[in-house]
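Subject: The structure I promised you

Hi,

Here is the structure I said I would pass on. Have a look at it first, then read my notes below.

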Amino acid sequence: MSDLTAQVLETKNGFHVDGYEKISYDFTFLDGVFNPSNPQLANCYERWGRVLAVTDLNIWNIYGEQMEEYFKHHGVELKVHKTKIGEKAKTIPTFLSIVDSMTEFGIYRKEPVLVVGGGLVTDVAGFACAAYRRNTNFIRVPTTVIGLIDASVSIKVAVNYGNYKNRLGAYHAPMHTFLDFTFLRTLPKAQIRNGFAELIKISTCSHLDTFNLLDKYCEQLIDTGFGRTDGAPTEVRDAADKINREGIYEMLRLETPNLHEIGLDRVIAYGHTWSPMHELVPETPLRHGHAISIDMAYSATLANMRGLISDAEHKRILNLFSRAGLSMDHHQFDEEILDKGTAAILKTRDGKLRAAVPNPIGQCTFLNDCTAEEMNAALRKHKDIMKSYPRNGEGLEAFVDASDTGYTENNKTEVEALEEAAEKAGDLNDTMDGAAKVNGGVVKNGVPNGVKTHNTNGIKNGISNGLTNGTNGFTNGVKA
């Protein structure tokens, strides 16, 4: 029986149906999800006595033995589908490979697949579960900041198609999400910074207390993996726990009434008005967190020009981005890109701009009446302000590398193209880091110097070793 509540009414020419189906799922904060002394995850599979886990190769190479021991301890047979997940591999072939493993495993309709990894893994595997028999359960264990803070909140699952991000997808809620922040111990600092942007997003427009904590502990949160690295101060870990819990709760509070995005005025879309264009414009793409940070910083300048935030609030927002090493501008962000981004988002948002901006910090207003002249003036002012910031407002390690990008082993052309892209990313990241030193700005916190070597060698060694370099503690294809 379905838990659908519905009524069918006769009309003059046929019938009218109203149906309401309950969506119910849980979140559990649990450090050490694969610690045998924590049976919560294993209990979800007690009925079945087995589990099919979908994870990426880097996660498996770090945590695979622990996962095997965990399920063995609890008497649950484990089968693993290991995949390479990045934007390049967020595709229909990757989706179908997961479907093939589900078929081979003989998954039952209500038997949950276990998905362990970052937001890209949960997107593709979640979509496979949404499509398989039209509705197969799954359980999420996110392992990155974006996965834990942002992707875990949404029920959206998708793959890219052609040159379009998330063009094919569904709304499909997991049964359960386990939030284990100890995974951040092995996450590269560049990826922690990348996810930090999502917390700035929600706090700037909806939760002042969280913004205040981010402002107070910014550098320490990034340096210590949100308080999870050895020797991290208790004060920082306590602050991180409060930030994470309140940030996730606030996003859930805002999104739960609108899980299927029927309403288009969305507070958590702050930073997502022009950012899709920022991700696509550079030859080597910007990381998502850096793209939305440019959008948020520019939007804050627009809000300041309108008097929605004071000069002091505006500076406080920009300073937080700068301290975090996040991008606030890009040398290719110009009036043409602004116009193209505006035209694109108007189609997505049903003809209205719906640009979320702070009014003041901790609250949100949606702008629909911005003229091209006003937006261009705001861009000119923003560019002028950026001259006073390190690297003219461009971020640290802002460009994707092998930790963001999937690839295939059996297509030499694709591999060579990816190596070239990674080398370019290394050049760009090195250039930005060099600018930081020349201008006396923010210097990378504990990240090895020479990203070019890291990226290029990492991706080559990753190909030869069957690993995607960079994610969760892998450097040059070797476990850190």
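First, a term you will need: a residue is buried under 20% relative accessible area, exposed over 50% and partly exposed in between, using a 1.4 Å probe and protein chains only. Please keep in mind that this is a predicted model, where local features need pLDDT of at least 70, side-chain atom pairs count only at pLDDT 80 or more, and totals for chains, interfaces and linings use all residues. Residues are numbered from 1 along each chain as its sequence is written, and side-chain values use heavy atoms, with hydrogens and water left out.

Cys44 has a relative accessible area of 24%, so it is partly exposed. Cys218 comes out at 0%, so it is buried. The search of the whole structure turned up zero disulfides (a disulfide being a pair of cysteine sulfur atoms within 2.5 Å).

Next, the sheet. Helices (H or I, at least four residues) and strands (E, at least two) are DSSP runs, numbered from the N terminus, and two strands pair if DSSP finds at least two bridges between them. Six strands make an open sheet in the order 3-10-7-6-4-5, with parallel pairing. Strand 3 (26–29) and strand 5 (77–83) are at the edges; each has a single partner strand, so one side of each has no neighbour in the sheet. From one strand to the next, the twist averages 20° (axes are lines fitted to C-alpha atoms, for helices over the stretch in contact, and angles run from 0 to 180 degrees between N-to-C directions). Strand 3 pairs with strand 10 (residues 176–179) in the parallel sense over four bridges, and Asp26 sits opposite His176 in strand 10.

The axes of helix 6 (residues 189–206) and helix 10 (residues 288–305) come within 7 Å and cross at roughly 35°.

Finally, is Ala378 buried or exposed? Its relative accessibility is 0%, so Ala378 counts as buried. Ala378 lies in helix 13 (residues 372–386). Leaving aside neighbours within four places in sequence, Ala378 is in contact with Tyr298, Thr301, Leu302 and Met305. Ala378 and Arg306 are 72 residues apart in sequence, and 9.7 Å apart in space, C-alpha to C-alpha.

Cheers

Note on methods. Contact = heavy atoms within 4.5 Å.
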